[in-house]
Amino acid sequence: MTGIPDDLAALIGQPQFAQVSDGAVEAGAIRLFSAAVQDGTPAYWADDPAVVFAPPALLSAWNRPVMWHPDGDAGTSGLALHFLVKDRLGLPRAIVAEMESEAAAPIRPGVRVRSEQILVDLGEPCTTRLGEGRYWTIRVEYRCAGDGTLFGAETLRFFGYGAESAV
Amino acid sequence: MSGGALPPLRRIVSARDIAMGAAASRDWQPQHHDIAYAQGMKLPDIIMNAPTQTGWFHAYAMAWAGPGARIARWRLKMRRPVCPGAAIAYSGSVLRQETGPPGALWIWLDLECRSADERLSAMALLLARPDAAGGDCAAIPADVWHPPALDPA
């Protein structure tokens, strides 16, 4: 496959897979992660909910689904757009070539986080040391589910490869 | 401040560090807790996930920056897996600083995590730091929080 498939080209710049976190941000989860990485930043350990906010390294965590839910609806992939592109192009393997993140408003306990995934670009076939494949870039925006305030964004550049036939 | 070095930090990575970081970041991928699965992926052992690596870099930078600092942007490059038993060292340097929002400075850092003989991961990081004692960059309002770009990779 050469060129950019029309159905994928139509996705570029269009937010997809809007999702709201399955629970609200809470101080216990912030402390657990801060303990795991031994981060003593006072705001991550504060008792006052007006002071505490989440480590930016947790930006993507709130929208990763739990693996079990009493309704039986759990365990779906957090980065569905990536897997859609990968599957559509027939590329069974992919690596994250580069990852850049920005932190906007602090994420404080009590809010739910809404995420949207945006295909930024999709490259033509190329060859790297991993073989023939393609690069693509996905930006994930995280906002307050209540008022839309931007909490931050991640931009991930992938290289997919490993197709049995030319891509 | 340009060119100043951050004091090095040495740590021994444990399996608990890796499993706890993955669970606390809600990452249930088996290569972060199941050694047989990880080895089936041709990895030497379970590996530290990206949010945990990010968190360790951020903790290192925030401990250096002091009270009131706030992370703004970062770019993580993972070159080799971080596995249990690894003796790792964090180091870093200040690339430059500029006047930021009122009461704060923007500071660009270049950080790395190395084992004895190789670079495991690296992070370009931008943070805001109060320009006077007692300042709190978390209080900077959204309408003036406009972090500039990182340097090109």
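**Exercise 1.** How many residues of chain A are in contact with chain B?

*Solution.* Let's take this predicted model one step at a time.
- Begin with the count: 28 residues of chain A are in contact with 31 residues of chain B.
- Next, look for the elements behind it. Those that give two or more residues to chain A's side are α2 (27-36), α3 (42-45) and β2 (93-103) of chain A.
- Of these, β2(A) gives the most, with six residues.
- Finally, sort chain A's side by class: 18 residues are nonpolar, five polar and five charged.

**Exercise 2.** Find the sense in which β2(A) pairs with strand β2 (residues 70-78) of chain B: parallel or antiparallel?

*Solution.*
- Follow both strands across the two chains: they pair in the antiparallel sense, over four bridges.
- For a landmark, pick A:M99, which stands opposite B:L76 in β2(B).

**Exercise 3.** Trace how β3 (residues 87-99) of chain B is joined to strands β1 and β4 of chain B.

*Solution.*
- Start with β1 (residues 5-12) of chain B, which runs antiparallel to β3(B) and is joined to it by six bridges. Here B:R11 stands opposite B:I88.
- Move on to β4 (residues 104-114) of chain B: ten bridges join it to β3(B), again antiparallel. B:Y90 has B:C113 as its bridge partner.
- Now look at the turn. β3(B) and β4(B) form a hairpin with four residues between them, and B:G103 there has a positive phi of about 85°.

**Exercise 4.** Which residues touch the most other members of the largest nonpolar core?

*Solution.*
- Among the core's 77 residues, they are B:Y60, B:A61, B:L111, B:L125 and B:L127.
- Helix α3 (residues 50-65) of chain B supplies the largest share of this core, nine residues.
- Zoom in on B:Y60: leaving aside residues up to four places away in sequence, B:Y60 touches B:L9, B:Y90 and B:L111.

Terms used. Residues are numbered from 1 along each chain as its sequence is written. Chains are lettered from A and ligands numbered from 1 in the order in which they are written. This is a predicted model: local features need pLDDT of at least 70, side-chain atom pairs count only at pLDDT 80 or more; totals for chains, interfaces and linings use all residues. Two residues are in contact if their C-beta atoms, placed from the backbone, lie within 7 Å. Ala, Val, Leu, Ile, Met, Phe, Trp, Tyr, Cys and Pro count as nonpolar, Asp, Glu, Lys and Arg as charged, and the others, Gly among them, as polar. Two strands pair if DSSP finds at least two bridges between them. A nonpolar core is a set of buried Ala, Val, Leu, Ile, Met, Phe, Trp, Tyr and Cys residues joined through C-beta atoms within 7 Å. A residue is buried if 20 or more other C-beta atoms lie within 10 Å of its own, exposed if 12 or fewer, and partly exposed in between; C-beta atoms are placed from the backbone.
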